[in-house]
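Please look over the structure below before reading on. The report then goes through it part by part.

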Amino acid sequence: MSSTDISIHKDVHHAHDEHDHHHDQNFIEKYIFSQDHKVIAKQFLFGGIFWAFIGGFLSIIFRLQLGWPEATFTFLEPILGGWIENGKLDPEFYLALVTMHGTIMVFFVLTAGLSGTFANFLIPLQIGARDMASGFMNMLSFWIFFLASVIMFWSLFLETGPAGGGWTVYPPLSALPQAIKGSASGMTMWLISMALFIVSQLLAGVNYITTIINLRTKGMSMTKLPLTVWALFFTAILGLLSFPVLFSAALLLIFDRSFGTSFYLSDIYIAGEALTNTGGSPILFQHLFWFLGHPEVYIVILPAFGLVSEVIATNSRKPIFGYRAMIGSMIGIAVLSFVVWAHHMFVTGMNPFLGSVFMFLTLIIAVPSAVKVFNWIATLWRGNIRFSTGMLFAIGFVSLFISGGLTGIILGNSALDIQLHDTYFVVAHFHLVMGAAAFFGMFCGVYHWFPKMFGRMMDEKLGAVHFWATFIAVYLVFMPMHYIGIAGFPRRYYNWTGFETFNIFTDLNTFISLAAIIGFTAQFIFLFNFLYSIFKGRRATENPWHSNTLEWTTPVLPGHGNWPGEIPTVYRWPYDYSKPGAPEDFIPQHVPFSATQSSNLPNEKDLE
Amino acid sequence: MIMVDNRIENTDTASGVHPLKFSLWLIIISIIMMFAAFTSAYIVRREEGNWLEFELPTILLINTAIIILSSVSMQWAYNSAKKDNLKSVKIGLIATFLLGVAFLFGQWNGWAQLVQDNIYFGGSSSNPSGSFLYVLTGVHGFHLITGLVFVLLTLIGSLKYKVHSKNLLRIQLCTIYWHFLGGLWLYLYIFLRINH
């Protein structure tokens with residue numbers, strides 16, 4: 001872990017343009033093993049999009065099974081091979097599908113793809129830095145992620161299939177290769193891949209925090225930071241504190257699987273054979289797992305908070321409402337996220353008193369979350385709203401976050417959880433509040449920062465079609481799921497037609513599956529728009545959204561080093577939109593108060 | 001050493017700490033979280049019963065003394081670098097490296113002693129209490145190896161006259177990391193003593 005091979009040119013150059021390096025970088029240095037944060041961000045973005053389509057496709061396969069349990073899917077035989085026999089999906093493959101869908105979406109798309117893209121891209125640009133604190137560590141982070149991706153992808157093609165014990169990989173199921181096919185070599189590869197993934201995230205997180213603390217440009221105090229940077233800062237801190245714990249848990253699981261230890265195993269009788277393992281505790285794994293697992297959902301959603309705050313303020317042409325309250329609520333959420341993990345474990349036989357403590361702490365999270373929602377709506381209130389595609393997704397995010405958040409209050413109750421635990425109600429809740437919402441945050445970010453990434457604009461009409469199709473499909477998928485969840489329909493069941501109780505939901509499930517297929521198809525509109533616009537999109541200007549933050553002061557396509565000349569100095573906060581008395585409706589952060597005397601507030605007169 | 005041009009032009013940064021030093025502290029925090037997970041898992045698991053009690057290998061105490069000594073020699077090397085006493089820098093670093101190797105060798109012997117006492121890492125007669133001891137010492141040992149690599153790189157730097165009072169960063173980071181590894185072991189040793 002010691003990164004000894006990194007050293008820094010200590011000679012102090014003051015800003016002149018020696019950063020337009022005149023030695024030509026070759027293709028590999030420039031696009032593959034690049035240390036430029038913008039290139040690494042794009043690498044993470046492409047990786048994330050690739051994984052999102054894989055993860056989405058897996059969900060479509062199991063939605064076919066759930067929607068049409070009696071049908072035969074012979075047309076899938078060419079792609080699924082031995083996993084589908086006479087048109088019937090292998091039940092163990094179904095388990096592998098849901099496991100991989102969860103793993104891919106939570107870790108590879110919404111952790112690496114989301115914060116990997118936007119933390120890398122936005123942190124140096126928005127704080128006014130030439131690059132990350134350590135470009136080398138940053139590059140290493142991507143390539144370790146790439147290696148983790150290759151291993152995870154490879155596991156999809158194993159004969160025994162990829163991991164199948166659920167994305168939470170609870171032992172003893174995941175620890176015993178003889179339990180299901182998905183606990184054989186697929187599980188081993190899952191663990192290796194995740195261990196590498198964690199190393200990659202830690203390297204990245206160390207870099208993000210160091211960069212934000214140390215490399216801010218002149219005048220950029222912490223309270224002048226855009227909320228995006230604040231959000232990414234908290235995300236990195238959460239990752240730094242929680243990922244090592246998952247690493248520990250995974251390491252012990254690896255030992256249990258491959259070295260005969262019994263950390264999580266005790267007194268097991270399987271396939272007519274009594275195992276020798278004694279003294280282990282499977283609940284221990286759940287504690288360790290959810291100590292990461294709960295902060296992980298905020299690692300997924302916090303970057304979206306940041307992106308959305310920025311986009312809403314810019315496109316409402318209004319200062320963000322309650323800037324400090326936004327930061328405060330993020331601190332609150334970050335701190336609370338570490339003390340609520342056991343609400344995932346209410347039904348593990350936990351002491352009911354302990355359960356009520358965790359319930360209390362969990363319900364408190366509603367307060368900072370409500371503060372954030374209030375602030376977003378208050379920012380929109382009577383704003384001069386421009387419905388750019390990024391803005392549509394930002395508003396969609398707020399809507400999904402409210403709908404999904406409300407059911408969180410229900411699930412947080414330890415008594416109600418007895419009925420709702422492991423039902424589709426839970427699935428609906430977390431897909432709305434962290435799955436779809438974080439995806440909307442990501443889309444919002446891609447549409448909004450696309451001009452800075454690729455120097456061109458994405459098509460707004462296709463964007464609007466993509467938004468409405470996705471937005472409607474998400475609600476049509478997840479709203480009915482609450483209903484079948486309340487009725488007690490359990491997660492991860494391959495088939496329920498054998499149960500009299502659940503037979504009546506066949507039509508509802510078919511409906512959900514249809515909506516899911518429409519929603520997935522709509523993503524190809526995005527893919528087309530994205531790829532087409534990279535090459536053929538309308539050329540962007542330096543600051544197409546009339547935004548205040550520093551990244552829009554760079555050239556249309558910033559080179560390595562970001563600003564050709566001196567890094568701009570910051571004088572004001574990033575939300576001076578529609579300031580009374582100003583000639584334009586935005587004043588970028590690098591404009592000094594002396595240049596805006598007509599709009600300065602009385603307390604700003606001293607700063608002129 | 002690979003010189004990486006990472007475009008930090010100005011070392012007097014907003015926090016007044018060198019970015020790499022700051023990064024090192026963050027890495028240390030993540031290692032602390034890892035061991036916090038292990039030791040809390042240890043306590044939780046022990047409370048549940050079915051826990052084999054056994055004597056800690058006696059050699060662990062000697063190892064503890066060795067690693068404290070190595071921290072002293074590391075600090076001495078660092079102080080000498082500050083005073084440009086280049087010869088003692090080298091001696092200090094070599095001593096640290098050798099003491100580090102001796103520590104690892106001692107830990108290895110500790111494992112041998114455990115096996116003699118029929119305390120195994122895995123297998124049918126193992127109990128989590130023994131496995132935890134192997135994991136704690138093993139993961140710490142792994143980090144100690146990374147520390148040894150760091151010491152070695154600093155030593156190579158000092159042989160090339162690259163470690164002196166005007167170029168302290170490398171040895172400073174190395175010292176911080178080495179002290180951390182020593183402190184971490186001290187914590188683990190005391191933790192194991194109390195919980196045995």
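Predicted model: local features only at pLDDT ≥ 70, side-chain atom pairs only at ≥ 80, totals over all residues.

## Overall build of chain A

Chain A contains 16 helices and four strands. Its radius of gyration is 25 Å, close to the 25 Å given by the globule rule for 608 residues, so chain A is as compact as a globular protein of that length.

Of the 608 residues in chain A, 54% are buried. Contacts between residues at least 6 apart in sequence can also be sorted by separation: in chain A, 79% of them join residues at least 24 apart.

## Overall build of chain B

Chain B has five helices and zero strands. Read from the N terminus, its elements run α-α-α-α-α. The C-alpha trace of chain B spans about 55 × 35 × 25 Å along its principal axes.

Chain B has 196 residues, and 39% of them count as buried. Among its contacts between residues at least 6 apart in sequence, 75% join residues at least 24 apart.

## The largest nonpolar core

In soluble globular proteins, nonpolar side chains tend to be buried together. In this model the largest nonpolar core has 221 residues. The residues with the most contacts inside this core are Leu232(A), Ala249(A), Val308(A), Phe397(A), Ala437(A), Ala438(A) and Cys444(A). Helix H4 of chain A, residues 91-127, supplies the largest share of the core, with 23 residues.

Which residues does Ala438(A) touch, leaving out those up to four places away in sequence? They are Leu110(A), Leu114(A), Val300(A), Ile301(A) and Ala304(A).

## How H4 and H14 of chain A meet

Two packed helices are described by the angle between their axes and the distance between the axes. For H4(A) and helix H14 of chain A, residues 424-454, the axes come within 11 Å and cross at roughly 30°. The crossing of H4(A) and H14(A) is left-handed.

On the H4(A) side, the contact is made by Met105(A), Leu110(A), Leu114(A), Phe118(A) and Phe121(A). On the H14(A) side, the contact is made by Gly435(A), Ala438(A), Met442(A), Gly445(A), Trp449(A) and Met453(A). Sorted by class, the contact of H4(A) with H14(A) has nine nonpolar, two polar and no charged residues.

## Tyr447 in H14

Tyr447(A) also lies in helix H14 of chain A. Is Tyr447(A) buried or exposed? Tyr447(A) is buried, because 27 other C-beta atoms lie within 10 Å and the cut-off for a buried residue is 20 or more.

Not counting residues up to four places away in sequence, Tyr447(A) touches Thr389(A), Gly390(A), Phe393(A), Met458(A) and Gly463(A). Tyr447(A) and Ser547(A) are 100 residues apart along the chain, and their C-alpha atoms are separated by 14 Å.

## Two partly exposed isoleucines

Ile364(A) is found in helix H10 of chain A, residues 352-364. Ile364(A) has 16 other C-beta atoms within 10 Å, so it is partly exposed. Its C-alpha atom is separated by 24 Å from that of Leu307(A), 57 residues apart along the chain.

Ile517(A) is found in helix H16 of chain A. Ile517(A) is partly exposed, because it has 17 other C-beta atoms within 10 Å. The C-alpha atoms of Ile517(A) and Ile237(A) are separated by 37 Å, and these residues are 280 apart along the chain.

## Backbone exceptions

Most residues other than glycine have a negative phi, and most peptide bonds are trans. In chain A, a cis peptide bond with omega about 0° joins Pro171(A) and Pro172(A). Pro172(A) is found in the loop between helix H5 (135-155) and helix H6 (185-214).

Arg382(A) has a positive phi, near 55°, and lies in the loop between helix H11 (366-380) and helix H12 (389-411) of chain A. Arg382(A) is exposed, with 9 other C-beta atoms within 10 Å. His546(A) has a positive phi near 50° and lies in the segment after helix H16 (506-536) of chain A. With 16 C-beta neighbours inside 10 Å, His546(A) counts as partly exposed.

Methods:
Residues numbered from 1 in each chain as written. Chains lettered and ligands numbered in written order. Core = buried A, V, L, I, M, F, W, Y, C linked by C-beta atoms within 7 Å. Buried ≥ 20, exposed ≤ 12 C-beta atoms within 10 Å, placed from the backbone. Contact = placed C-beta atoms within 7 Å. Axes fitted to C-alpha atoms, helices over the stretch in contact; angles between N-to-C directions. Left-handed = near helix turned anticlockwise from the far one by under 90°. Nonpolar A, V, L, I, M, F, W, Y, C, P; charged D, E, K, R; others polar. Rg over C-alpha atoms; globule rule 2.2 N^0.38 Å.
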